[in-house]
Amino acid sequence: MVRLFVMLGLTVLLAAAGCREEGGADGVELPEEGAITGPNTPTPYALEVPAYLPAPVVDAENPMSVEGVNLGRRIFYDTDILSTDGTMSCASCHKQELAFTDGLNRSLGIRRLEGNRSAMSLVNLAFNPNGFNWDGDAPKLWKQAIHPVEDMLELDNDWEEVLRKLREDADYPARFRAAFGIDTKEEITQELTIKALAQFERTIISANSKFDRVVYQNTDFFTEEEQLGADSLFFVENLAPGVLHPGCGHCHNAPGFGDNKFHNNGIEDVASLDDFPDPGLGGVTGNRFDNGKFRTPTLRNIALTAPYMHDGRFKTLEEVLDHYASGGHNLENEDPNITGFTLTERQKRALLAFLHTLTDESLLTDERFSAPE
Amino acid sequence: MKHLLLPLLLLLALTACRDDDDVDMPLTETDLTLDFRAEYDGAPLGIQRDAYAYPTGDTLKVLLFQYYVSDLELLPRNGAAPVRLTDIDLLRWMSASDSAMQTRTFRVPEGDYAGLRFGLGVKPELNAQDPSAFPADYVLNEAEFWGPTTRYVFAKIEANADLESDGLYDTGLTYHMGSDSLYTTVEFNQPFSVRAGQTPQLTVVADVLRALSDGSDTFDITNPQQQAVHGGNQAVALDIWNRLAGQFRLEVQQ
């Protein structure tokens with residue numbers, strides 16, 4: 001009998017303990033502190049890629065969603081969030097009208113001080129499998145955005161401050177929940193922020209230049225001069241023995257017009273591998289034989305992205321062509337395809353004309369890439 | 001009903017006993033690693049970091065060595081169909097940080113093999129493809145093609161040479177080769193057996209020097225007419241290509 005009472009008592013106790021109060025004192029459900037409400041199921045985003053471009057690199061760590069892209073686009077243009085003084089955003093150095101560059105030899109940060117390098121174009125990053133930035137220091141696109149926010153010569157902010165602003169904002173928490181399915185503001189992290197930025201950047205695809213219309217879409221024609229530039233110096237295949245110029249296409253092949261590799265392209269006249277003012281890839285790998293090597297940039301929209309090279313040393317495309325025609329500086333890790341070659345004025349005009357066919361005018365006003373309302 | 005249970009169980013047990021020699025038994029598979037080693041004159045290739053003597057009396061530093069292999073296959077000793085390891089792969093040495101050895105691992109059936117073979121280059125059916133048909137991070141989309149609408153560069157050797165003995169590696173050498181007519185099958189008839197826990201060590205060795213010089217026949221890198229061999233002048237490239245295709249070795253350590 002005693003055992004029966006004990007069992008009964010325990011059962012009642014358990015039942016009472018199991019009755020969790022679901023509401024507050026007045027029985028109304030209280031939201032968890034920092035809870036976010038609203039939709040939390042991201043909609044998969046399908047990148048629109050023309051058939052003449054390869055399938056983009058898939059980043060399983062950052063699947064794209066409509067909500068993620070929209071969030072990234074908003075942050076990309078938001079000066080209040082990313083910079084210390086609220087004056088700059090990603091778009092300050094990556095302007096749509098300049099094919100997402102800034103027209104400066106070295107980008108200016110919030111203190112109007114020059115950064116170390118020129119702003120790279122952001123087009124067609126979805127096709128790069130091999131390290132981002134001029135020196136390849138970011139293995140993933142979404143990791144690329146960490147440093148510019150913190151760099152004193154760029155946005156000079158603190159990620160904790162960025163996250164505080166995002167969490168306290170009236171709009172962003174619901175957008176993060178929609179993009180990543182999170183439940184609380186505390187779950188808004190640096191990683192989710194940069195992943196959203198990368199999702200937006202991956203959508204910036206440039207593939208509607210005159211070159212595309214002539215070669216792939218079959219809706220346009222090169223002028224005689226443009227055709228000469230393409231045939232005589234750019235896509236050179238039938239190279240006669242002894243002719244040194246290998247063709248720009250060796251490193252800038254279509255359809256990407258870059259090779260996603262790193263080269264010493266002979267622009268620096270230094271005494272040894274240890275004397276480069278900017279080691280480029282070597283600064284990342286720690287290998288002196290990589291010093292002076294930089295990512296091959298895409299030539300898509302090249303007429304809009306002056307000045308040129310990682311430090312903007314060449315103001316015009318003419319200067320760039322003159323450099324390559326003069327050959328490099330014969331350093332031992334210089335790409336051996338930099339040979340120097342004869343470039344007549346007629347050839348130079350033709351090559352410039354061809355390079356201008358790589359401009360994608362539709363990119364410059366495409367509302368999908370513009371500042372959100 | 002109860003009386004049927006025992007015979008049924010017995011029948012089930014008997015049908016479960018399959019003969020080990022049944023021909024439709026699934027083959028037992030195991031991991032096989034295949035190494036590709038790049039050399040210069042018999043020593044592991046050191047991209048950029050090592051200076052190499054060339055038979056013309058000059059010195060060079062290799063900056064790039066790469067080649068495609070197609071239809072890499074093991075050849076069963078019993079004459080059965082070859083075991084395909086991969087349709088296409090690109091072996092590339094381009095960084096001073098690169099090890100001379102690159103390793104691939106394949107899942108293969110246990111068994112006895114008579115050798116190994118591959119096609120040097122991109123096989124014609126793939127060579128006819130548009131690179132954009134492949135994802136941006138696939139080996140056939142590594143910008144290793146001649147032009148936007150043409151075919152692949154099967155192999156590249158690039159170096160900077162010191163031809164004046166002044167310590168300056170200031171003469172670029174770029175040998176790019178590839179066309180359907182150059183595609184060559186390389187076959188090794190060296191038997192080995194693959195068993196779980198007893199897989200052989202297989203190494204495909206390619207020697208950059210032997211692709212340029214076989215001792216008696218040396219490609220003249222001092223000739224300005226032969227320092228940049230690309231695209232259209234594949235007749236010059238043929239000289240290097242034939243040596244390249246002929247110098248591969250397979251090392252087998254059972």
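This report walks through the domains, helix packing, chain contact and strand pairing of a predicted model.

## Ground rules

In this predicted model, local features need pLDDT of at least 70 and side-chain atom pairs count only at pLDDT 80 or more, while totals for chains, interfaces and linings use all residues. Residues are numbered from 1 along each chain as its sequence is written, and chains are lettered from A and ligands numbered from 1 in the order in which they are written.

## Two domains in chain A

Let's start with chain A, which is split into domain 1 (66-205) and domain 2 (210-357); such bounds come from an automatic or database domain assignment. Their C-alpha centres are 29 Å apart. Where they touch, domain 1 of chain A contributes 22 residues and domain 2 of chain A contributes 23, with contact meaning that C-beta atoms, placed from the backbone, lie within 7 Å.

The domain 1 side of that contact has eight nonpolar, 10 polar and four charged residues. Here Ala, Val, Leu, Ile, Met, Phe, Trp, Tyr, Cys and Pro count as nonpolar, Asp, Glu, Lys and Arg as charged, and the others, Gly among them, as polar.

## Helix against helix

Helices (H or I, at least four residues) and strands (E, at least two) are DSSP runs, numbered from the N terminus. In chain A, the axes of α11 (residues 224-234) and α14 (residues 345-356) come within 7 Å and cross at roughly 105°. Axes are lines fitted to C-alpha atoms, for helices over the stretch in contact, and angles run from 0 to 180 degrees between N-to-C directions. By class, the contact holds eight nonpolar, three polar and three charged residues.

## Where chain A meets chain B

Chain A brings 36 residues to the contact, and chain B brings 38. On the chain A side, 19 are nonpolar, 12 polar and five charged.

## Strands in chain B

Over in chain B, β7 (residues 111-120) pairs antiparallel with β4 (residues 59-76) over six bridges; strands pair if DSSP finds at least two bridges between them. Within this pairing, B:Leu74 sits opposite B:Leu116 of β7(B).

Strand β7(B) also runs antiparallel to β10 (residues 184-188) of chain B, with five bridges; B:Arg117 has B:Glu187 in β10(B) as its bridge partner. Three bridges link β7(B) to β11 (residues 192-194) of chain B, again antiparallel, and there B:Gly111 is partnered by B:Val194.

Note on methods: Two residues are in contact if their C-beta atoms, placed from the backbone, lie within 7 Å.
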